[in-house]
Amino acid sequence: MASLSTLFVAGPGGVMTDEVGVVTGDLELCTDLSDDGKLRALVRYEGAEEWYAITGASCVLADPRDHEPVHSLLHGLLHRPEG
């Protein structure tokens, strides 16, 4: 399994998660790509232990080389400190 992780600041409205609803503030994005191409997008409060699945952000990639671009795209969508 391959993982990528990036710190970010959630924009107004935060990030919706499956487990706890909206999370806000200083967060960390992690994307995990399994050997069968399934990408899981997770978020946690910066420095926290528990990860939460980002609602609607998991997918299947046809090519593992797409992992980094998809991670970067998610980061760009979520990192909106100015709104």
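Colleague: What is the relative accessible area of Lys38, and is this residue buried or partly exposed?

Modeller: This is a predicted model, and the values are computed from it. Buried would require under 20% relative accessible area, and exposed over 50%. Lys38 counts as partly exposed, because its relative accessible area is 49%.

Colleague: With which residue does Lys38 form a salt bridge?

Modeller: Side chains of opposite charge can pair when their charged atoms come close. For Lys38, the closest N and O atoms of the salt bridge are 3.9 Å apart. The cut-off for such a contact is within 4 Å. The partner is Asp36.

Colleague: How many salt bridges does a search of the whole structure find?

Modeller: One of them joins Lys38 to Asp36. Another is formed by Arg40 with Asp32. The search of the whole structure gives a total of 4.

Colleague: How far apart are the closest N and O atoms of Arg40 and Asp32?

Modeller: Asp32 stands opposite Arg40, which is in β5. Asp32 is buried at a relative accessible area of 9%, whereas Arg40 is partly exposed at 44%. Their salt bridge has its closest N and O atoms at 3.8 Å.

Colleague: How many residues apart in sequence are the parts that Arg44 and Glu28 tie together?

Modeller: The side chains of Arg44 and Glu28 meet in a salt bridge, N to O at 3.0 Å. Arg44 lies in strand β5 and Glu28 in strand β4, so the parts tied together are separated in sequence by 16 residues.

Colleague: Which residue in the turn between β4 and β5 has a positive phi?

Modeller: β4 and strand β5 (residues 38-45) are antiparallel and pair over 7 bridges. They form a hairpin with 4 residues between them. In that turn, a positive phi of about 90° belongs to Gly37.

Colleague: Which residue in β4 is the bridge partner of Leu4?

Modeller: Strand β4 (residues 26-33) is mostly covered, with 7 of its 8 residues buried. Strand β1 (residues 2-9) runs antiparallel to β4, and 8 bridges join the two. The bridge partner of Leu4 in β4 is Thr31.

Technical notes: Residues are numbered from 1 along each chain as its sequence is written. This is a predicted model: local features need pLDDT of at least 70, side-chain atom pairs count only at pLDDT 80 or more; totals for chains, interfaces and linings use all residues. Side-chain values use heavy atoms; hydrogens and water are left out. Buried means under 20% relative accessible area, exposed over 50%, partly exposed in between (1.4 Å probe, protein chains only). Two strands pair if DSSP finds at least two bridges between them.
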